[in-house]
Amino acid sequence: MTAPVAPPVSANTAPADAPLRRGWTTGACAAAAARAGYAALLTGKMPASAPLLLPRNLRTDFEILASAIEADGRAMVAIVKDAGDDPDVTHGATVEARVALLPPGSGLRFLAGDGVGTVTAPGLPLDVGEPAINPGPRQIIQDNLAAIADGAPLDLSVEIAIPGGQMLAEKTMNGRLGIVGGLSVLGTNGVVTPYSCAAWIHAIHRGADVACALGHTHLGAGTGARSEAGVMMATGLPEQAMLDMGDFASATLKYVRGKKIARFSLGGGFAKFVKLAQGARDLHSARSQVDIADLAARLERLGAPSETVSEAAKAPSAGAVLAVSEAAGIPLPDDIAKDAARAARQLLGDGPALEIMLFNRAGRLLARHEG
């Protein structure tokens with residue numbers, strides 16, 4: 001017998017010394033709501049709560065925000081998503097499921113309601129025209145419906161809605177992935193791990209898949225908005241050929257090396273690519289730091305006068321070292337770009353041609369190197 005998973009509490013902040021809470025994916029909320037709605041159709045009575053069975057035999061129970069048997073005969077159940085302590089844009093969103101009985105032989109059909117997107121580009125694990133309810137959540141929904149069907153065939157339509165989802169989707173990469181009209185319903189196992197990198201990396205991978213499926217053989221990536229804009233301006237790449245790499249250099253480059261592309265353009269802020277050049281593979285400030293002593297040593301190797309090297313060694317940040325090098329006329333960005341390209345090539349393997357672009361905080365191109 002497996003112990004149930006305790007439902008999370010409402011807030012998504014925790015004291016600094018408290019362990020981070022896990023939460024629930026949109027897919028888990030959708031499945032619980034759909035199961036409760038189907039139970040209402042089977043029994044004629046709306047359940048008091050929404051139980052859910054997840055992969056690995058995990059079980060939980062959701063509080064129902066609202067429920068009704070609507071005029072058209074569909075059962076509607078709404079649940080508020082709690083993402084735990086993860087900074088998820090859908091934390092606090094309402095996830096609704098509307099379940100309707102269909103004629104025998106119809107099978108299980110998924111529909112996109114208000115705030116759930118539709119797939120419009122190839123390369124995702126869903127066909128063009130399908131509602132953006134990923135295969136993982138679809139399976140969880142199906143398993144939970146089957147759990148209470150008592151062997152009866154699932155001739156049902158399940159419409160998932162996330163009111164306000166179209167506005168929330170503007171904060172995601174859905175538009176670039178060709179998902180229009182709202183959010184994606186995500187979640188492989190139903191559980192959100194706080195501050196997990198998995199969702200971002202998943203989006204990077206799907207972005208590469210979509211770009212290749214659209215026929216792009218030259219892809220680009222940036223560590224942030226300014227570097228991404230700089231790469232697009234320098235190369236002429238369209239938005240759908242760009243990957244929002246963020247800090248995940250290793251995950252991006254390792255995935256791209258398996259794609260059939262001819263060229264990859266990688267742009268980043270000076271400090272981010274200093275860390276890449278110095279051997280970091282995760283460029284987040286909490287997981288890697290700039291080695292100021294190494295930058296000072298580079299300036300010395302590049303022929304900087306001793307007073308410049310000494311000033312750089314005392315600098316508080318990579319940006320401060322950059323200012324020192326520029327004042328002295330030392331091409332430090334070029335040196336960093338070469339080593340960043342070497343590090344990137346190790347991750348990219350013998351794949352596409354590579355170019356590296358370094359930008360300052362204002363988006364000005366500092367160095368460009370063919371790797």
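Predicted model: local features only at pLDDT ≥ 70, side-chain atom pairs only at ≥ 80, totals over all residues.
Local features need pLDDT of at least 70 and side-chain atom pairs count only at pLDDT 80 or more, while totals for chains, interfaces and linings use all residues. Residues are numbered from 1 along each chain as its sequence is written, and side-chain values use heavy atoms, with hydrogens and water left out.

**View 1. Helix H9 and its buried face.** Let's start with H9, residues 306-313; helices (H or I, at least four residues) and strands (E, at least two) are DSSP runs, numbered from the N terminus. Thr308, Val309 and Ala312 of H9 are buried, meaning under 20% relative accessible area, with exposed being over 50% and partly exposed in between (1.4 Å probe, protein chains only). Seen down the helix axis, these buried residues fall within an arc of 100 degrees, so they line one face of H9; the arc is that of the directions from the axis to the C-beta atoms. Ser306 and Glu307, on the other side of H9, are exposed. The cover over the buried residues includes helix H8 (292-301) and helix H10 (318-328), where contact means heavy atoms within 4.5 Å.

**View 2. The aromatic pair of Trp24 and Phe62.** This is one of two aromatic pairs in the structure. Rings of Phe, Tyr and Trp (its six-membered ring) pair if their centres lie within 6.5 Å; planes under 30 degrees apart count as stacked, over 60 as edge-to-face and the rest as tilted. Trp24 sits in strand S1 (residues 23-24) and Phe62 in strand S3 (residues 58-63), so the pair ties together parts that are 38 residues apart in sequence. Trp24 is buried at 3% relative accessibility, and Phe62 is buried at 6%.

**View 3. The aromatic pair of Trp200 and Phe248.** Here, too, the rings are edge-to-face, with 5.7 Å between centres and 65 degrees between planes. Trp200 belongs to helix H4 (residues 198-213) and Phe248 to the loop between strand S13 (242-244) and helix H6 (249-256), so the pair links parts 48 residues apart in sequence. Trp200 is partly exposed at 37% relative accessible area, whereas Phe248 is buried at 10%.

View 4. A search of the whole structure finds one cavity of 30 Å³ or more, and the largest cavity holds about 40 Å³ of space. On a 1 Å grid over the protein atoms alone, a cavity is a set of points where a 1.4 Å probe fits but cannot get out, and lining residues have an atom within 4 Å of a point. H4 and S13 each supply at least two lining residues; the lining includes Ala203, Ile204, Met242 and Asp244.

Technical notes
1 Å grid on protein atoms, 1.4 Å probe; cavity = no way out; pocket = protein on both sides within 12 Å on 5 of 7 lines; lining within 4 Å. Points joined across faces, edges and corners; volume = space filled by probe spheres on them.
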